[in-house]
Amino acid sequence: MKPTWAFQKLTPQIPSWLSSLFKTQHIYQYPSSENSRFILNRVGVIILLSICGREGFIRLGSSLHASFLKNHEFLHPKNPDDFNDGLFTWNSLISVYVKCGDQTDALKLFDEMPMRDTISWNALLSGFLRNGDLEGCFSYFKRMQSSELYGLDQATLTTILSACDREEFYYVNRMMHCLAVLNGYEREISVGNALITSYFKCGCSSSGRQVFDEMFERNVITWTAVISGLAQNHLYEDSLKLFVKMRLGSVAPNTLTYLSSLVACSGLQALQEGRQIHGLLWKLGIQSDLCIESALMDMYSKCGNVKDAWEIFDSAQELDEVSMTVILLSFAQSGFKDEAIQFFVKMFKEGIQIDPNMVSAILGVFGEHTSLGLGKQLHSLIIKRRFDFNPFVSNGLINMYSKCGDLEEAIKVFHRMSQRNPISWNTMIAAFARHGDGSNALQFYEEMVSEGAQATDVTFLSLLHACSHVGLIEKGMEFLRSMFEVHRIYPRTEHYACVVDMLGRAGLLNEAKTFIEGLPMKPDVHVWQALLGACSLHGNSEMGKYAADHLHSAAPESPVPYVLMANIYSSTGEWKDRARTIKRMKEMSVVKEIGISWIEIEKKVHSFVVGDRKHPQAEAIYRVLLELFGLMLDEGYVPDKRFILYYIDQD
């Protein structure tokens, strides 16, 4: 008779999951016993151990282990024919400890095992990965490879590859790829899928695509892995093209495939293709899936269609934190900042659970026109909810305070952060640059480098901006050179525009023009606008016309070249040219953007434009302004009329 394991039925209170197990297994009951016993055979025990691992019943699993030690035949079969059954029990026990997060006991059990197979090693390796111990995982994998008794299988490969999800693991992926080929697993779909996923997560899109192209057989997971990987690596067009190719084939997309295709549409701002995919989702009846709805809202908002994004949100039967965050970002990114704040306040008042992602999203809408008082209230909420330990929330606070004019509070938030990432440093450097404090911006960059934080293209954009404000021409050019030579970062047109602005502010207009002519790419609106702004600052009409002509070509509907050239002609007394510029602006139906002034009083922002009479206290405001202007004149103030651009109707 094969070994069995007995449950003492001391009371009838057997858990429902255990009762269902008894109904499906061969169970024997001793009717003559006062305390009847349920008897499980070995198969029942294995199933029970599997349940313990899945449900996290570590105490029951360890109790079973203790019972096995008393009943040696379960772990040490006397009959050679039962050897595999014993090994299977050992492996099931390791799996229980691993899945319950007890890697210490799993290791101890592994070392005590008189017999092992590849499954034993795989279970142990997965335990290391569950606990985030990559070093331990690779150490035991090396031991496994050095032993000639145990060969790896496809589960070994997929287990290791699942952990290789960062750029630094690229060569580990290559090694695993080689092992797959050497051991004949390169044609296994599961191995190919794991290789594709790991390559894309490492940022090596070409290798991931190559594995896909060389696969003899592909399933929906294969296609989804590539479509998703391409989208995650910002290769949106390739991702969308592959999705179209998949739909023409025999493998049908699943929900995750459609999600990835919507991400690609968001990245491309491809509204038409996004609508087509939305239509397909309606036909399939999965448009109401929670993740699908969030992806659709994100796609519509990034394509500038807030109306459709809101309709999906408003009609959703179920909402979660992701949906709320997406619609908040939708309002914020589309310029509906007041609506985003109102929506957030309404969520809070209705008792909806606020999470760090929502707070981070709403902090992003704060700017010069936003209430600092409201920002401080939000900061209080962050402290109460202990969200200030989240680096993204703290980064948002720094950005909020600096944009609302409170640089000192932004500095305090930065210094209180327990964890800082490159974005934290970038945000602080940008804050100093925004407030014209170039010295502190450069000092923070030195501290950033000394602490080992990695500089990004945004870091250098802020540094160039800071150098421009304080006139550090040589330092700025040094930063530009070091971007590629030291950090291997390719400058964007925004960086070049900062350099032009830096040279222009210093009065080096000819040098700025020469710099533009030597650029490795075609100058865009930002570059020409920077040069024209410098010409306006120094009253150089000849160079200004050169810059304005190029700006007209790059942005025909922009009022900037007309306004700045009119100001330049005003400053040099060239009134006929100024009048001609204004007339041309009127003929082209180009409207000057109205400047706005604002002031915050008792947590409310009051905004004004030129000649504004809409404010309820307009008469009192103008009366005070008139009195102040009289006092200014008495003190000797003389208005500078050179840069006054009158309304077109007055010319």
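W310 comes out as partly exposed, with a relative accessibility of 32%; here buried means under 20% relative accessible area, exposed means over 50%, and partly exposed covers what lies in between (1.4 Å probe, protein chains only). This is a predicted model, so local features need pLDDT of at least 70 and side-chain atom pairs count only at pLDDT 80 or more, while totals for chains, interfaces and linings use all residues. Residues are numbered from 1 along each chain as its sequence is written, and side-chain values use heavy atoms, with hydrogens and water left out.

On to the rings. A search of the whole structure turns up 24 aromatic pairs, where rings of Phe, Tyr and Trp (its six-membered ring) pair if their centres lie within 6.5 Å, and planes under 30 degrees apart count as stacked, over 60 as edge-to-face and the rest as tilted. One of them joins W310 to F343: the ring centres sit 5.9 Å apart with the planes at 85°, so this pair is edge-to-face. It links distant parts of the chain, 33 residues apart, with W310 in helix α18 (residues 306-315) and F343 in helix α20 (residues 337-349). Helices (H or I, at least four residues) are DSSP runs, numbered from the N terminus.

Elsewhere, F110, W121, F128 and Y140 make up one aromatic cluster. F110 from that cluster also has R116 lying over its face, 4.2 Å from the ring centre. A charge sits over a ring if NZ of Lys or CZ of Arg is within 6 Å of the ring centre and within 35 degrees of the ring normal. R187 does likewise with F216, its charged end sitting over the ring at 3.8 Å from the centre.

P253 belongs to the loop between α14 (236-248) and α15 (255-268), and its relative accessibility of 18% makes it buried. Leaving aside residues up to four places away in sequence, P253 touches V220, F243, M246, R247 and Y258, contact meaning heavy atoms within 4.5 Å. For F243, the C-alpha to C-alpha distance to P253 is 8.3 Å, with the two residues 10 apart in sequence.

As for the cysteines, the disulfide count is 0, a disulfide being a pair of cysteine sulfur atoms within 2.5 Å. Take C52: the closest cysteine sulfur, in C100, is 7.4 Å from its own, which is too far for a bond. C52 is buried at 0% relative accessibility, and C535 is buried too, with a relative accessible area of 0%.

Notes. Helices (H or I, at least four residues) and strands (E, at least two) are DSSP runs, numbered from the N terminus.
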